Amino acid sequence: MVSSSFLSLALVALMASQESYGFQASPTFSIKSKTSSGASSQLLMSSKAYEEQLKRYYNTAEPPQELYNGAVNGDAPSATTSTSVSTDPSPVYGAPQQMPPPPQSFQPAPVQPAPVVQQQQGPGGLGNAAVVFLGLPLWLLLSTQVFFNKPAENVAPTTVTSSTPVTVVEKLALPIQATTNNGAPAGVVVLSQPITKQEVRNLFNLWNDALKTGDPATVAKRYGKDGVLLPTLSDIPRNDFEGIKDYFVGFLKKHPTGKILEGEIFIGNNWAQDAGIYEFTFDDGSKVKARYSFVYAFEDGKWMISHHHSSLMPQETVRPVKVTEEEVRSFFGLWNDALKTGDPQKVADRYSKDAVLLPTLSDEARYTNDRIADYFVGFL
């Protein structure tokens, strides 16, 4: 293959070197001729050969001019012409004598015009240089493609073998992370845990049952790890276990029992929402209505409270209560009766949640129920 490529290069170099050493390729000739339409198809003798035949016939150095002209013109002397023939074997030219006719078997060839020779000129030195300049890269490219590129061989498919045994799984087992919501941030897609609206409503009942235990920790455990509580009777949001438990310490002292009056339930992918109006009844018989919203999330295999908002109804907070002067004076009687019991806590319960006590026998102002009860321990 390599020798063929070098042979191609040698041919190109030989063509380029012809001009340098004075050699030039033979020009191309084209011969154009015309023949008479009445020319005989038999082989005719040329004029020079005819002259030689006449010389031998007459045995002279030169044939008669008029005979030559006639032969050349194609007019042979008539055989019937009357002339005198000399018996002298050496006839003298110019003497009146009868000349024998030329041999009839020899006829001069019809006069043909000289061939026209046309020479086609080669490209010259500059043209040869251009051919070499343009042809050499082309020859190199063609030689490389023809002689050096091998056809693609059929490659047998490779079989990869592994020493590790392959386990065939008949049933797809999803990881725990894919079936449960472990509090991952939004954007992590997990399989949906089905739940019905009745089951969502039953989640409120679980929370309400926790209230009946009177244990703040039990109620706080119904909230998720990232649960948020916006309570009814406090302006402080609670977003951790301890904060939620602290709120229910005071709220459970009234022994509340909740009941949903109306609500709407929405179910999503591993979450559900229950929003409406509920009512609490306390052990003293008082009732209060509030607006609520619970958002539940499926967390660690359980439905937990992710968000809880509760607020009093507007009419519940601004509803006016008519009171007379006698009733106002009777309020003092209720407080005085609590003093007679000798129980500091019963006296403290006569104060509201935002009450302020500026006691008679103490310089400390009391703002909480516990501090008010502490004062009456010594006072009673």
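The dialogue below reads features of a predicted model, from the whole chain down to single side chains.

Q: How many helices and strands does the protein chain have?
A: The protein chain has 12 helices and 7 strands. Buried residues make up 24% of its 380 residues. Of the contacts with a separation of 6 or more, 53% are between residues 24 or more positions apart.

Q: In what order do the strands of the open sheet stand?
A: The order is S3-S7-S6-S5-S4, and the pairing of these 5 strands is mixed. From one strand to the next the twist averages 20°.

Q: Which strands stand at the edges of the sheet?
A: S3 and S4 do, each with a single partner strand, so one side of each has no neighbour in the sheet.

Q: In which sense do S4 and S5 pair, and over how many bridges?
A: S4 and S5 pair in the antiparallel sense over 10 bridges. Lysine 259 has glutamate 279 in S5 as its bridge partner. The two strands form a hairpin with 3 residues between them, and asparagine 270 in the turn has a positive phi of about 65°.

Q: Which residue in the turn between S5 and S6 has a positive phi?
A: In this hairpin, with 5 residues between the strands, glycine 285 has a positive phi of about 95°. S5 and S6 pair in the antiparallel sense over 11 bridges. One of the bridge pairs is threonine 281 with lysine 287 in S6.

Q: How many bridges join S6 and S7?
A: S6 and S7 pair over 10 bridges, in the antiparallel sense. Valine 295 stands opposite histidine 307 in S7.

Q: Where do nonpolar side chains tend to be in soluble globular proteins?
A: They tend to be buried together. In this model the largest nonpolar core has 30 residues, and Trp207, Phe248 and Tyr278 have the most contacts inside it. Helices H6, H7 and H8 and strands S3, S4, S5, S6 and S7 each supply at least two residues of this core.

Q: Which residues does tryptophan 207 touch, not counting those up to four places away in sequence?
A: Tryptophan 207 touches Val219, Arg222, Tyr223, Phe248, Tyr278, Phe280, Phe294, Ile305 and His308. There is also a second, separate core of 9 residues, which includes Leu357, Ile372, Ala373 and Phe376.

Q: Why do residues three or four places apart in an α-helix point the same way?
A: An α-helix has 3.6 residues a turn, so such residues point the same way. For a case here, take helix H12 (residues 369-379), in which Ile372, Ala373, Tyr375 and Phe376 are buried. Seen down the axis of H12, the buried residues fall within an arc of 155°, so they line one face of the helix. Asp370, Val377 and Gly378, on the other side of H12, are exposed.

Q: Which helices do the buried residues of H12 pack against?
A: They pack against helix H10 (325-341) and helix H11 (344-348).

Q: Is arginine 366 buried or exposed?
A: Arginine 366 is counted as buried because its relative accessible area is 5%, and the cut-off for buried is under 20%. Arginine 366 lies in the loop between H11 and H12. Leaving aside neighbours within four places in sequence, its contacts include Ala355, Leu357, Pro359, Ile372 and Tyr375. The C-alpha atoms of arginine 366 and alanine 355 are separated by 8.3 Å, with the two residues 11 residues apart along the chain.

Q: With which side chain does the side chain of arginine 366 make a polar contact?
A: It makes one with the side chain of aspartate 374, at 3.4 Å.

Q: Where is serine 234 found, and what does its side chain reach?
A: Serine 234 is in the loop between S3 and H8, and counts as buried at 17% relative accessibility. Its side chain reaches the backbone nitrogen of isoleucine 236 at 3.2 Å. A polar contact of 3.1 Å joins the side chains of serine 234 and arginine 238.

Notes: Residues are numbered from 1 along each chain as its sequence is written. This is a predicted model: local features need pLDDT of at least 70, side-chain atom pairs count only at pLDDT 80 or more; totals for chains, interfaces and linings use all residues. Side-chain values use heavy atoms; hydrogens and water are left out. Buried means under 20% relative accessible area, exposed over 50%, partly exposed in between (1.4 Å probe, protein chains only). Helices (H or I, at least four residues) and strands (E, at least two) are DSSP runs, numbered from the N terminus. The arc is that of the directions from the helix axis to the C-beta atoms. Contact means heavy atoms within 4.5 Å. A polar contact is a pair of N or O atoms within 3.5 Å; within protein, one must be able to donate a hydrogen and the other to accept it, and residues adjacent in sequence count only if both atoms are side-chain atoms. A nonpolar core is a set of buried Ala, Val, Leu, Ile, Met, Phe, Trp, Tyr and Cys residues joined through side-chain atoms within 4.5 Å. Two strands pair if DSSP finds at least two bridges between them. Axes are lines fitted to C-alpha atoms, for helices over the stretch in contact, and angles run from 0 to 180 degrees between N-to-C directions.
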